[in-house]
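Okay, thanks for coming, everyone. Let me put the structure up and then talk you through it.

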Amino acid sequence: MKTIRTGMMTLAALAVLGTNIVSATSEPVKELSVNVNGSAITQAAIFDKGQQTVLVPLRPVAESLGFKVSWNDNLKAAEVQKGAISSYAKAGEDRYPYAKMYKTLGAEPRVLNGSTYVPVAFVDEILQAEVNVTDSAVTVVDEEAEKAPVRTGTISTINKSEKGNISIALDGYETGIILHISEETKITDAAGKVLKPEDLKLGMEVEATHHKYMAMSMPPQTGALTIMVKKSLESAEVMGTAGKVASIAPDQQGTYKMVVEGHGLTTTSPEKVALIINDKTVIVSAKDNKALKPEELKADMNVIAFYGPKLTRSLPPIGVAEKIVVE
């Protein structure tokens with residue numbers, strides 16, 4: 001959790017300063033100006049004397065940070081959503097959804113003059129922005145775009161929910177990450193050409209930036225800010241099998257033959273497959289994307305193997321490996 005910085009005047013001192021805005025208890029409170037990413041917000045923040053904290057107007061602040069804000073009439077709450085971050089603020093409840101659980105922030109939202117106001121801690125901990133509070137102003141800076149974590153890896157899974165939302169997994173279970181794609185996610189190829197989520201394919205090497213906030217699942221998951229496709233596989237229809245190396249050995253042609261047994265990554269991918277590894281096969285480590293040699297592959301290694309749809313009808317079917325990711 002980040003620390004909300006305060007200026008020369010403490011929040012307790014703010015309580016003794018009055019202004020003309022009417023609070024939920026009709027008591028005069030201190031007004032503070034609000035600035036988000038260098039732009040002033042028309043609505044002022046206020047000091048809530050009863051809760052001893054500063055409240056900011058939710059809609060203008062959240063929208064300035066790129067969030068969608070809507071009113072849920074059933075919950076009687078203001079909802080916010082951007083990428084993988086989804087939450088709401090309900091007047092009178094110190095209970096905020098966050099990463100599939102609920103957080104308490106030590107203060108409740110208020111509805112003042114028809115607008116929902118939230119504690120500055122909501123901006124910090126839920127909206128994930130830097131907050132600075134002084135005696136007269138609240139400054140909010142979304143530093144995520146500049147400091148967003150960067151992840152390079154191979155697309156190992158593509159999932160589409162019933163609602164049509166798409167997410168991708170990079171690399172394996174132990175070292176991977178799940179990235180949720182939203183309308184705000186910018187997807188391009190290495191030349192800068194804009195792509196659609198449907199253009200993403202298994203086995204692609206991508207460089208992605210994502211939110212600093214991550215759900216603590218296994219593997220962790222978060223929202224993708226940008227995805228750049230660095231390399232694609234040759235096959236238009238890529239298949240894949242993830243599991244353990246059952247056996248691997250060089251053959252008489254100077255190539256290697258590897259048997260992988262686990263689960264198929266597509267509906268047509270076999271659970272067990274024998275793959276020829278030749279000089280065109282790309283082999284990388286999931287931990288650091290470092291290139292590996294065929295002789296470094298060993299039995300019982302966890303791998304994700306990608307190959308084209310041309311397979312023999314033998315048991316197991318035999319194909320040619322285009323890419324192998326070693327966990």
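Let's start with the second largest pocket: 22 residues line it, and Leu233, Glu234, Lys280, Glu322 and Lys323 lie nearest its centre. Before I go on, a word on ground rules: this is a predicted model, where local features need pLDDT of at least 70 and side-chain atom pairs count only at pLDDT 80 or more, while totals for chains, interfaces and linings use all residues. Residues are numbered from 1 along each chain as its sequence is written, and side-chain values use heavy atoms, with hydrogens and water left out.

By pocket I mean, on a 1 Å grid over the protein atoms alone, an open set of points where a 1.4 Å probe fits, with protein on both sides within 12 Å along at least five of seven lines; lining residues have an atom within 4 Å of a point. The volume of this one is about 450 Å³, counted as the space filled by probe spheres set on the points, with grid points joined across faces, edges and corners. Strand 25 (318-326) and strand 23 (282-285) each supply at least two lining residues, and strand 25 gives the largest share, four residues. Strands here are DSSP runs of E, at least two residues, and helices are runs of H or I, at least four, all numbered from the N terminus. By class, the lining has seven nonpolar, eight polar and seven charged residues. For those classes, Ala, Val, Leu, Ile, Met, Phe, Trp, Tyr, Cys and Pro are nonpolar, Asp, Glu, Lys and Arg are charged, and the others, Gly among them, are polar.

So what about the largest pocket? That one holds about 700 Å³ of space. Its lining has 26 residues, with Gln81, Gly83, Asn165, His180 and Ile181 nearest the centre. The lining divides into 10 nonpolar, 10 polar and six charged, and strand 16 (177-181) and strand 19 (221-231) each supply at least two of its residues.

Now the cores. A nonpolar core is a set of buried Ala, Val, Leu, Ile, Met, Phe, Trp, Tyr and Cys residues joined through side-chain atoms within 4.5 Å; buried is under 20% relative accessible area, exposed over 50%, partly exposed in between, with a 1.4 Å probe and protein chains only. The largest has 35 residues, and Leu65, Phe122, Val123 and Val138 have the most contacts inside it. Helix 3 (residues 120-125) gives the most to this core, four residues. A second, separate core of 26 residues includes Val229, Ile304, Phe306 and Val325.

Met218 to Pro219 is a cis peptide bond, omega near -5 degrees, and Pro219 sits in the loop between strand 18 (205-210) and strand 19. Leu315 and Pro316 are also joined by a cis bond, with omega about -5 degrees; Pro316 is in the loop between strand 24 (302-307) and strand 25.

Asp171 isn't a glycine, yet has a positive phi of about 65 degrees. Is Asp171 buried or exposed? Buried, with a relative accessible area of 4%.

Last, confidence. The average pLDDT, the predictor's per-residue confidence from 0 to 100, is 88 for the protein, and 90% of the residues score at least 70. Over residues 6-26, though, pLDDT stays under 50.

Conventions:
Contact means heavy atoms within 4.5 Å.
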